[in-house]
Amino acid sequence: MEKARSHIPVLAKQVIEILAPKPGGIFVDCTVGLGGHSAELLARLLPKGRLIGIDFDPASIAIASKRLAKVPRAKGRFEIHQNNFAALPNILAEAGVEKVDGILADLGVSSPQIDDPDRGFSYRQKGPLDMRMDPARGQSAAALINRLSEKELAEAFLQFGDETDAPLIAQLIVDRRKIKPIETTQELTAVVCQARRFTLERAAGAKLHPAARTFQALRILVNREMPNLERLLAIAPQLLKPGGIVAIISFHSGEDRRVKKGFKAGFDDGLYSEIAWEPLFADEDEIRANSRARSAKLRWAKKAGPAA
Ligand code: SAH
């Protein structure tokens, strides 16, 4: 559900095997986060190669920049753009690059984002109900919770959280906000628990917190995660060199469905010469070391070569 990441990048071995970065290559990491995957890629592109990183979140970029700067001989070989990966064509134009050898996206949120109560991602910690990965852009979760109709809220909780109690939760939210706007994570957690008939004590001990699905759905909505993913899937084939690879790690069914469909459509249209027909998962050892790898699924697609 609400997923965080340890400092170990998810499916790192498989990502490197599939993307096969080589010295001199140009790669894009659409979701730099803490720079885990980026550092692995960058080290293999040197000397001469380039890593173009993107992240919404200035706080993550600050951490990743330091990490990448420690990669030997990396100076001048990487850059990180604070932007939405949906703007990839513009970002590449800005970087003076036309086409790339590989594109990686490791979707969702990072652990520092979840762990910081002020970001408002966590149902376990009190904070403002914000959830914006880019704190300077878009509407906060509180703004959406207090503005969207009951129907829109219920649809989002169902579609992005697979929350079967979505109508009950949406109804109680709308009742509550008539009295007073919902402004903190704690207030939303309390409303969701009440709608789902959980006491806060029982909720705290539950294997899956009763508010987890609602928070996940809201996060996806706030950050427009599905439209951004759809856009990335649409533009990736145009930005890859022949033989270039795009690899995407997703964490829930809605994302994986879109990735699968997008790659299949590209294959059917002849844009991709090969795609992963089945997703790759983390093995037992990785899941044991990093429980958050449990729901990760990796899919890839290879850009078709030039017509003979
Ligand atoms: N692979 C990273 C972890 C990525 S966590 C590592 O090894 O450390 C996912 C990151 O993607 C978060 O930092 C989040 O801010 C970013 N993100 C999610 N959607 C994004 C988008 N549409 N554009 C840019 N960054 C995005």
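Q: How many cavities of 30 Å³ or more does the structure hold?
A: It holds 2 cavities of that size. Keep in mind that this is a predicted model.

Q: OK, and how much space lies in the largest cavity?
A: About 430 Å³.

Q: What takes up that space, the largest cavity?
A: The ligand does: the space it takes is the largest cavity.

Q: Which residues lie nearest the centre of the largest cavity?
A: Those are Thr31, Asp55, Asp106, Leu107 and Gly108, out of 33 residues that line the largest cavity.

Q: Switching to the ligand itself. Which residues come nearest to it?
A: There are 24 residues around the ligand, and His37, Asp55, Phe85, Asp106 and Gln113 come nearest. By class, the shell around the ligand divides into 8 nonpolar, 12 polar and 4 charged residues.

Q: Asp55 has come up already. What is 2.7 Å from an N or O atom in its side chain, the one of Asp55?
A: An oxygen atom of the ligand.

Q: What about nitrogen atoms of the ligand: which side chain has an N or O atom 2.9 Å from one?
A: That's the side chain of Asn84. With Phe56 it's the backbone instead: a polar backbone atom of Phe56 is 3.0 Å from a nitrogen atom of the ligand.

Q: How much of the ligand's exposed area does the protein bury?
A: The protein buries 97% of the 590 Å² that the ligand exposes when taken alone.

Q: Which residues line the second largest cavity?
A: Gln159, Phe160, Gly161, Asp162, Gln216, His252, Ser253, Gly254 and Arg257. By class, that lining has 1 nonpolar, 6 polar and 2 charged residues.

Q: And which helices each supply at least two residues of the second largest cavity's lining?
A: Helix H7, residues 150–161, and helix H13, residues 253–268.

Definitions and conventions:
Residues numbered from 1 in each chain as written. Predicted model: local features only at pLDDT ≥ 70, side-chain atom pairs only at ≥ 80, totals over all residues. Heavy atoms only, no water. Near = heavy atom within 4 Å. Polar contact = N/O pair within 3.5 Å; in protein donor to acceptor, adjacent residues only side chain to side chain. Areas by Shrake-Rupley, 256 points an atom, 1.4 Å probe, with all protein chains shown as cover. 1 Å grid on protein atoms, 1.4 Å probe; cavity = no way out; pocket = protein on both sides within 12 Å on 5 of 7 lines; lining within 4 Å. Sits in = over half its atoms within 2 Å of the grid points. Nonpolar A, V, L, I, M, F, W, Y, C, P; charged D, E, K, R; others polar. Points joined across faces, edges and corners; volume = space filled by probe spheres on them. Helix = DSSP H or I, 4+ residues; strand = E, 2+ residues; numbered from the N terminus.
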